[in-house]
Amino acid sequence: MEDSVSRRRLLTGVGAACLAGALDGCTIEFWGPKPAPPAPPPLHLAPITATPDRITAITVCTRPFRAQGPRLDVEQIAGKTVVHNYGHGGSGWSLSWGSSTIAVQKALATGERSIGVIGCGALGMTSALLAQRAGVRVTIYAKELPPNVRSSLASGLWTPDSRICFEDYATPEFKQQWQAMARESFKTYQTMLGLQGIPVEFIDNYWVFDESNMERRRQTPGDTRPPFAELQRELIPDLIPHSEDFPPGTHPLGSHYLRRNTQMMFNLTSYTQMLLAEFRSAGGQIEIKELHAPNELGSLRERTLINATGYGARALFGDQSIVPVRGQLARMIPQPDVNYGLLYRDVSFVPRRDGLVFQVIGDDDYYGYNDATTTPERSEAEHAVNTVATLFK
Ligand SMILES: Cc1cc2nc3c(=O)[nH]c(=O)nc-3n(C[C@H](O)[C@H](O)[C@H](O)COP(=O)(O)OP(=O)(O)OC[C@H]3O[C@@H](n4cnc5c(N)ncnc54)[C@H](O)[C@@H]3O)c2cc1C
């Protein structure tokens with residue numbers, strides 16, 4: 001007892017001396033030199049086996065971009081009430097649940113108990129499922145089904161404002177609707193984490209720069225074309241995890257500067273299978289059917305239709321407001337140990353479990369703009385793969 005009291009007195013005295021010393025500007029080391037904090041564990045990034053001989057497919061598709069954003073209005077065509085749900089640019093998967101929630105609410109407002117959905121891509125499948133979950137009978141009419149739809153040729157990342165509209169069209173009303181769509185989609189995707197087949201997961205994504213002061217812009221300075229809207233930071237900052245920087249020496253990619261973000265990824269093969277399985281098991285019908293003109297809508301059984309034809313709406317409804325934005329993917333043999341994405345120079349890499357994805361994304365978002373060509377370019381695919389390979393040399 002006595003012992004502990006005298007020790008406490010001693011400590012109090014030393015503590016006071018320390019404080020006085022600190023105020024005087026001198027330091028007293030009572031416990032000896034402070035040990036250095038333990039070094040953070042080095043960042044481990046499993047090397048990517050990026051060689052052109054491992055390319056399994058080169059696919060091309062066109063994003064359905066509209067300057068004014070997705071079309072979600074209601075029209076009467078050939079005696080039918082048609083709710084449009086198309087024109088989502090590079091954000092179709094990301095916004096699908098939110099956009100289809102709006103379309104289905106409009107379709108249900110007609111009071112019909114039986115609804116037809118035209119199209120079986122990201123927007124058609126989510127429209128059909130949401131209508132079905134609301135208790136109505138649904139038939140999907142589509143020229144093609146996954147994996148032969150454009151949606152199946154996407155990168156598979158949560159990119160809710162990618163080429164969604166031009167800045168000039170991002171009015172307060174548009175922003176409100178976009179925010180509602182993004183939040184509803186994000187919320188829905190959280191219910192698909194941890195499922196068998198891993199349809200949805202979060203990955204780390206690294207921006208890789210050659211110099212410390214670099215950044216990637218959506219538009220090259222001096223470009224006088226209309227800028228694409230950027231909405232995420234302004235409207236859903238709470239859904240964006242903070243980034244972390246890794247200077248040279250703290251990671252295995254040589255002298256580069258890395259910035260890490262965490263992002264949601266869709267393994268589109270298992271994800272689309274999951275959506276179609278739910279639709280079919282709940283009694284959903286699918287009819288393979290190509291429509292050639294708006295008056296053919298009159299031949300469909302249902303009086304209320306959701307039009308989710310994506311880029312196909314350009315030809316079917318003569319909607320010239322849809323501008324193609326070409327995008328090509330090089331798919332590669334999966335590498336289960338690689339669980340992170342990369343953005344380096346003009347190339348993006350996504351570690352999808354159903355096949356690695358390499359893509360030339362150009363210098364800015366105008367890359368591929370108004371280019372409807374769908375012929376695969378082998379040299380572009382090899383450039384994407386070889387650019388990533390340089391990081392591991
Ligand atoms: C390279 C690339 C990468 C992308 N990456 C991403 C990404 O990472 N994240 C993201 O959110 N988005 C991404 N996108 C965008 C996304 O793929 C699209 O926004 C989305 O696929 C659009 O889906 P959709 O359902 O409207 O159209 P589609 O997938 O084209 O589906 C249209 C459906 O309608 C049918 N159809 C069309 N015309 C007719 C007709 N006349 N008669 C009958 N049926 C018809 C088709 O057969 C199909 O079933 C990417 C796009 C590209 C090109």
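This is a predicted model: local features need pLDDT of at least 70, side-chain atom pairs count only at pLDDT 80 or more; totals for chains, interfaces and linings use all residues.
## Surroundings of the ligand

The shell around the ligand is made up of 38 residues, and the closest are Cys 61, Ser 94, Glu 144, Ser 151 and Leu 157. By residue type, this shell divides into 15 nonpolar, 17 polar and 6 charged residues.

Several elements of secondary structure contribute to the shell.

## Polar contacts and cover

For Gly 89, a polar backbone atom lies 2.8 Å from an oxygen atom of the ligand. For Ser 94, which is also listed among the closest residues, a polar side-chain atom is 2.7 Å from an oxygen atom of the ligand.

A nitrogen atom of the ligand is involved as well, at 2.8 Å from a polar backbone atom of Leu 157. On its own the ligand has 1000 Å² of accessible area, and the protein covers 96% of this area.

## Helices H3 and H6

The axes of H3 and H6 come within 10 Å and cross at roughly 35°, and the crossing is left-handed.

On the H3 side, the contact is formed by Met 125, Ala 128, Leu 129, Gln 132 and Arg 133. Their counterparts in H6 are Thr 272, Leu 275, Leu 276, Glu 278 and Phe 279. The residues of this contact divide into 6 nonpolar, 2 polar and 2 charged.

## The loop between S5 and H4

Most peptide bonds are trans, and most residues other than glycine have a negative phi. Pro 146 and Pro 147, however, are joined by a cis peptide bond with an omega of about 10°. Pro 147 is found in the loop between strand S5 (137-142) and helix H4 (172-190).

Arg 163 is likewise found in the loop between S5 and H4. The phi of Arg 163 is near 45°, a positive value in a residue other than glycine.

How values were computed
Residues are numbered from 1 along each chain as its sequence is written. Side-chain values use heavy atoms; hydrogens and water are left out. A residue is near a molecule or strand if one of its heavy atoms lies within 4 Å of it. A polar contact is a pair of N or O atoms within 3.5 Å; within protein, one must be able to donate a hydrogen and the other to accept it, and residues adjacent in sequence count only if both atoms are side-chain atoms. Accessible areas come from the Shrake-Rupley method with a 1.4 Å probe; for residues, only the protein chains shown count as cover. Ala, Val, Leu, Ile, Met, Phe, Trp, Tyr, Cys and Pro count as nonpolar, Asp, Glu, Lys and Arg as charged, and the others, Gly among them, as polar. Axes are lines fitted to C-alpha atoms, for helices over the stretch in contact, and angles run from 0 to 180 degrees between N-to-C directions. Helices (H or I, at least four residues) and strands (E, at least two) are DSSP runs, numbered from the N terminus. A crossing is left-handed if the near helix is turned anticlockwise from the far one by less than a right angle, and right-handed if clockwise. Contact means heavy atoms within 4.5 Å.
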